Amino acid sequence: MTTTSTTDQYIAECRRIHERLREIAKRTEWMAHSRCATMDNPNCVRAFAEQNELLQRLSDLDSQLFR
C-alpha cells in the first residue's frame with residue numbers, strides 16, 4: 001500500500017468519525033436543552049460511550065499513521 005493510499009484512507013476514516021461526533025454533539029445538545037442529559041438517561045450514557053469510543057479510534061488512527 002502506498003503512502004498516499006494510506007493517507008487517503010486515514011483522512012476518509014477521520015471524516016466519518018468526525019461526522020458521527022457532530023451527530024452525537026447535536027443529540028447531546030438537544031438532551032441538554034431538554035434537561036435530560038444526565039447519567040440516568042440511557043440515551044445520554046450511550047452517546048457519551050460512543051463518543052469515547054470514537055475519540056479512542058481517532059487516537060488509534062493517529063498512532064497507526066505516524067508509526
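Which residues make up the largest nonpolar core? Tyr-10, Cys-14, Ile-17, Leu-21, Ile-24, Met-31, Cys-44, Ala-47, Leu-54, Leu-58 and Leu-61 do, 11 residues in all. A nonpolar core here is a set of buried Ala, Val, Leu, Ile, Met, Phe, Trp, Tyr and Cys residues joined through side-chain atoms within 4.5 Å. Buried means under 20% relative accessible area, exposed over 50%, and partly exposed in between, with a 1.4 Å probe and protein chains only.

Some ground rules. This is a predicted model, where local features need pLDDT of at least 70, side-chain atom pairs count only at pLDDT 80 or more, and totals for chains, interfaces and linings use all residues. Residues are numbered from 1 along each chain as its sequence is written, and side-chain values use heavy atoms, with hydrogens and water left out.

The elements giving two or more residues to it are α1 (3-33) and α2, and α1 gives the most, with 6 residues. Helices are DSSP runs (H or I, at least four residues), numbered from the N terminus. Helix α2 covers residues 42-65.

Met-31, one of the core residues, is in contact (heavy atoms within 4.5 Å) with Cys-36, Ala-37, Asn-41, Asn-43, Cys-44 and Ala-47, leaving aside its neighbours within four places in sequence.

Now the cysteines. How many disulfides does the structure hold? The count is 0, where a disulfide is a pair of cysteine sulfur atoms within 2.5 Å. The sulfur of Cys-44 has its closest cysteine sulfur in Cys-36, 7.5 Å away, which is too far for a bond. Cys-44 is buried, at 0% relative accessibility, while Cys-36 is partly exposed at 23%.

Next, charges. There are 6 salt bridges, each a side-chain nitrogen of Lys or Arg within 4 Å of a carboxyl oxygen of Asp or Glu. Glu-13 pairs with Arg-57, with closest N and O atoms 3.8 Å apart. Glu-13 lies in α1 and Arg-57 in α2, so this pair ties together parts 44 residues apart in sequence.

Arg-27 and Glu-50 form a salt bridge too, at 3.9 Å, N to O. Arg-27 is in α1 and Glu-50 in α2, so parts 23 residues apart in sequence are tied together. Glu-23 and Arg-20 meet at 2.5 Å; these two are 3 residues apart in α1, about one helical turn. Arg-20, Glu-23, Arg-27 and Glu-50 are linked in a network of salt bridges.

Last, the loop between α1 and α2. Asp-40 lies there and is exposed, at 69% relative accessible area. Its C-alpha atom is separated by 24 Å from that of Gln-56, 16 residues away along the chain.
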